[in-house]
4 protein chains.
Amino acid sequence: MIIVMKDKAKEKEIKQVVDRVEELGYTPHPSRGAKKMLIGIIGDLNREELIDSLGAYPGIDKLVPIMEPYKLVGRSFKDNTSIIDLGDGVTIGGKEILVMAGPCAVESEEQIIKTAAAVKKSGAKVLRGGAFKPRTSPYSFQGMQEEGLKLLKTASDETGLKVITEVVDPRDVELVGNYTDVFQIGARNMQNFYLLKEVGKSNKAVLLKRGMSATYKEFLMAAEYIMSEGNYNVILCERGIRTFETYTRNTLDLVGIPVLKKLSHLPVVIDPSHGTGQWELVTPAARGAVAMGADGLIVEVHPEPTKALSDGQQSLKFSKFTAMIDDLSQIANAVGREI
Amino acid sequence: MIIVMKDKAKEKEIKQVVDRVEELGYTPHPSRGAKKMLIGIIGDLNREELIDSLGAYPGIDKLVPIMEPYKLVGRSFKDNTSIIDLGDGVTIGGKEILVMAGPCAVESEEQIIKTAAAVKKSGAKVLRGGAFKPRTSPYSFQGMQEEGLKLLKTASDETGLKVITEVVDPRDVELVGNYTDVFQIGARNMQNFYLLKEVGKSNKAVLLKRGMSATYKEFLMAAEYIMSEGNYNVILCERGIRTFETYTRNTLDLVGIPVLKKLSHLPVVIDPSHGTGQWELVTPAARGAVAMGADGLIVEVHPEPTKALSDGQQSLKFSKFTAMIDDLSQIANAVGREI
Amino acid sequence: MIIVMKDKAKEKEIKQVVDRVEELGYTPHPSRGAKKMLIGIIGDLNREELIDSLGAYPGIDKLVPIMEPYKLVGRSFKDNTSIIDLGDGVTIGGKEILVMAGPCAVESEEQIIKTAAAVKKSGAKVLRGGAFKPRTSPYSFQGMQEEGLKLLKTASDETGLKVITEVVDPRDVELVGNYTDVFQIGARNMQNFYLLKEVGKSNKAVLLKRGMSATYKEFLMAAEYIMSEGNYNVILCERGIRTFETYTRNTLDLVGIPVLKKLSHLPVVIDPSHGTGQWELVTPAARGAVAMGADGLIVEVHPEPTKALSDGQQSLKFSKFTAMIDDLSQIANAVGREI
Amino acid sequence: MIIVMKDKAKEKEIKQVVDRVEELGYTPHPSRGAKKMLIGIIGDLNREELIDSLGAYPGIDKLVPIMEPYKLVGRSFKDNTSIIDLGDGVTIGGKEILVMAGPCAVESEEQIIKTAAAVKKSGAKVLRGGAFKPRTSPYSFQGMQEEGLKLLKTASDETGLKVITEVVDPRDVELVGNYTDVFQIGARNMQNFYLLKEVGKSNKAVLLKRGMSATYKEFLMAAEYIMSEGNYNVILCERGIRTFETYTRNTLDLVGIPVLKKLSHLPVVIDPSHGTGQWELVTPAARGAVAMGADGLIVEVHPEPTKALSDGQQSLKFSKFTAMIDDLSQIANAVGREI
């Protein structure tokens, strides 16, 4: 970290900062330029702590972090991409692009089993479906809760698909863990640190969605929370960020794929359904994702989107989903991947 | 809600939508313009449900909501500003602007008691202090937990100040409730719906912070979650939103004060500390807040900001805090309020 | 347009609005719902005018536009994608994806001629290069001006490449037009309406870059400015928008490709260089663009990026550019296009 | 500037960068930390040039600027706030808060003269009014052009008010200068550098509006453009930035007042009309502006907002304007200013 002193910082103020750095256990490296006095601090720092503590000194102009704040998620911890094993030969992070598909919410046994069979046929290996739904309005359908989890399990048993479902409350981690293969942490909970710690104590895979206004750094720090509890099976999921543009539900940050893969060894998944909010845009977005190196896709598919209790406007019908996977396999081949 | 059909929507597609609206229990009002076919739906609608369900019809161009989605938080539910009673004559929403002040985190008995005495002397009626800290890094100080709650209680007993502290986990609502007068829900948890429901079951006041990328509507819908569980003692807190500008920690949306007061009857508080992230900007921001009609302020104050374990850079020293309150009382008088 | 009256609007206020609508020459269609009074206005409206005029009535809650504001740029004006002819068989909007490449700024005869030869060899058909440079700092290199235009012409004559270069001042449109085949309007000038009108009077193709905080609608309205002067040869260029994320120079909105192509018949080009700001991200971004249906790419290429006077950090070396085009041709084939 | 090398940068790559820095005429100061190799460059740098040139080196992780990029606008160039003289004793930057008011657009002689008289009576010293209007739609009223300028002059002659009006085209600077006392540069033209240079050659005051997605730095660099041409009479105007919130027309960044005054010596004006887009929010926003230290206000006032050709929804009637100024004078007194 570089401490930049104000142009008019007095000697006394500089000394205070130097002393404080030493008191915190670091070695300060002052260096006087033509106009600016800088104080470098080298080594393994706790950046948030330093900023909180040093930021209050009146002689300081600004603090400039040099090192990245994350440890376990970074490429300097592990150089090659992590391959995460979901069991029975289903993995993510390798040559094959993993497809997760299913309805936004589990609504009935018929709905989920029908969907599971259909998406499996088209190439999906993981069934998605929400049992606990975080909804903007308290008056909207909140999900089938445990009943929904049981139906997911039934669908999984019948088809052999793995299951991913969202957990929203730290109290439910154990319950949800009894039924799912992958925990999904939703965008609204990306910085629900107690929930992150709770799934971090499990050893099941966790798909962590990027918060809608989270920077890459904050996103990776949230993954760090999970990993710091011992669970290294973390999958990053870009699902659109919030910008001034409201025509689409979110702005899908596809360039996040190469960025996250440059900064981190964790696999990266794209959610083209939430990322766009319109079923007509799901296939184009998924095409971009595959071309740009995504390790997986998570897609909303519903037997009858016009009857969906949630997210119908961004769900694909079975026939559209099948057509999309066909498209994607061509692109996957063109970029040396498989789907 | 107005359903706008595509220019090229076929009669069959229009009929499908009309039928679906009826099936959902509403009365459709089709109306054909020069270029557009519109279908109105009148009455008490569940907007999220309608959008989810109708959004998937191929003949529909867009859905235009007309009514606001909230009920209990709105001015149509209650016209005059809610005055919330925190006990012992401390209220918010009336002529007096309520000042809440204290350190970001409770760090020690000495720190919190010294601060409580100082802020009381300057005019604060509520002591703030975090015991459970949501931090960006898992390696940073996470708060003193229950020990911190006890120290807040001690400081409250000694000074007569009311207490506000953050609750971050639904499992802790009961515990925190034993020590605090006001629950604080942080910006990162604004859409942690299970936590909102949990404090909604209490009858203690809840200060709800706006999420850093939450629209006014989403903010008010989060308050609706709390109220829909029966707890009407909700205080709205604007604490800065995330924008492209990174010079300040957040962009403090002071115009949110008159907007929220126009849309809702709930009292509105400003947090100039998180809103700016720099102690030099706290007083100017607070001045604006008072001039623009805020019902309260929540301010970070620390005996020695340069030694703070958290947020030192945006905390005021006692002397600065006292000077600020003096300033603010002049402005409060000028706008017909008291502080 | 739908006028939504306030819940408490008085009869007199409703009448005022109805009268005003008639005075403006439209037919009002009042309709009373359970809670809301709505007034519809049907037909060919000037939306901006109506909003400006009606917005001031105290009884009005809000104005909800139904029709899109653009005429010439929209799919309802022209259904099939426009193919724009740049001369000598070079077109954009058809099956072939047009590649435009070259340095950010023209720096010397050697630089531009060397680059022209190299990009032509790799498949580019248009040479880009700035002669008038809009720079953030007045102390930075501002471009070679007319001298630069002449060098572009020389390079074009030697290679047969078409030329695209930016025009920043309405006074220069004629001058620049003497040397270029395509006018480029930069993001900072997207709403420089006098400049738009000036190039609108020409019949040369115009590549219009999206402003960094322009919505799709504003972007298309800027294109409408050019077309409304009679020049229909407009090419839309997405080059990244400004968001809270600062790791990349901009956030490249690749989903804008299918959105713009849905709303408009104009061809869509992606600028992966400005869109990302980092040469390592240019190829991944371009891959996504091709997979998602872009009609063209505009890419910064420099013989020696480390010596560039402008944008070196996002420029590709010749070898990287060649490798990228090879990659892209695989993806283009996979999606039924050519490059 | 600090150059941060990649963790794996080779000696050869480090040497290349050191050599290049020397070649550019600066002295590199390499310094090896525990994990990172840093190279400092001290002195009077052209930051944009350095970033453009060094950014392309493969061994470089990132470039961290330390010095601010502006010279003439900064507090290190001039410490005390600039007081700008508009003639006849009208100044901005001193104790008195300058009020500029008038219609969005000049529409007729009666309208502008009536307004001039009314706003003068309430305390305004400068008359605003647009003759050249940048409108989102080419089909909207584009202003009265030179005819409008003449009417402004007439109104000025009759009332003694100074005049501010927008110039949008470099070709019009001379013409507009014949009629106005202050040039207004609109938000959309903040980075229209040729226009900035043109008004920079004049010695009339220039009110520069912040672009809707401009950072403070970019805003100040645009002011630097004007000053670098010799015109030091620059007034900064915050008029709202673009964020995800669409309820208000823009998000008015009132904290920008203390920030800009900390970074720069130039006076700061707030535009509460464009900043909010709703006449009901104009007075609250102006109250905040005065409390937070604004040096001036620019407000839209219209004799009959419901008949306005432009921006009626955000214009105040005369009576509301008078009431607002009364309010503001109370607040001004409370903060040691006058209005």
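This is a predicted model: local features need pLDDT of at least 70, side-chain atom pairs count only at pLDDT 80 or more; totals for chains, interfaces and linings use all residues.
1. Residues are numbered from 1 along each chain as its sequence is written, chains are lettered from A in the order in which they are written, and side-chain values use heavy atoms, without hydrogens and water.

2. Chain B brings 58 residues into contact with 58 residues of chain A (contact means heavy atoms within 4.5 Å). About 5100 Å² is buried between the two chains, 47% of it on carbon and sulfur atoms; buried area is the accessible area (1.4 Å probe) that two parts lose on being put together, summed over both. B:Asp52, B:Tyr139 and B:Tyr194 supply 14% of the area that chain B buries against chain A, more than any other three residues.

3. The rule finds 6 salt bridges across this interface, a salt bridge being a side-chain nitrogen of Lys or Arg within 4 Å of a carboxyl oxygen of Asp or Glu. A:Glu280 forms a salt bridge with B:Lys6, with the closest N and O atoms 3.7 Å apart.

4. Over all chains, the search finds 0 disulfides (pairs of cysteine sulfur atoms within 2.5 Å). D:Cys104 is buried at 3% relative accessibility, and D:Cys237 is buried at 0%, where buried means under 20% relative accessible area (1.4 Å probe, protein chains only).

How values were computed: Buried means under 20% relative accessible area, exposed over 50%, partly exposed in between (1.4 Å probe, protein chains only).
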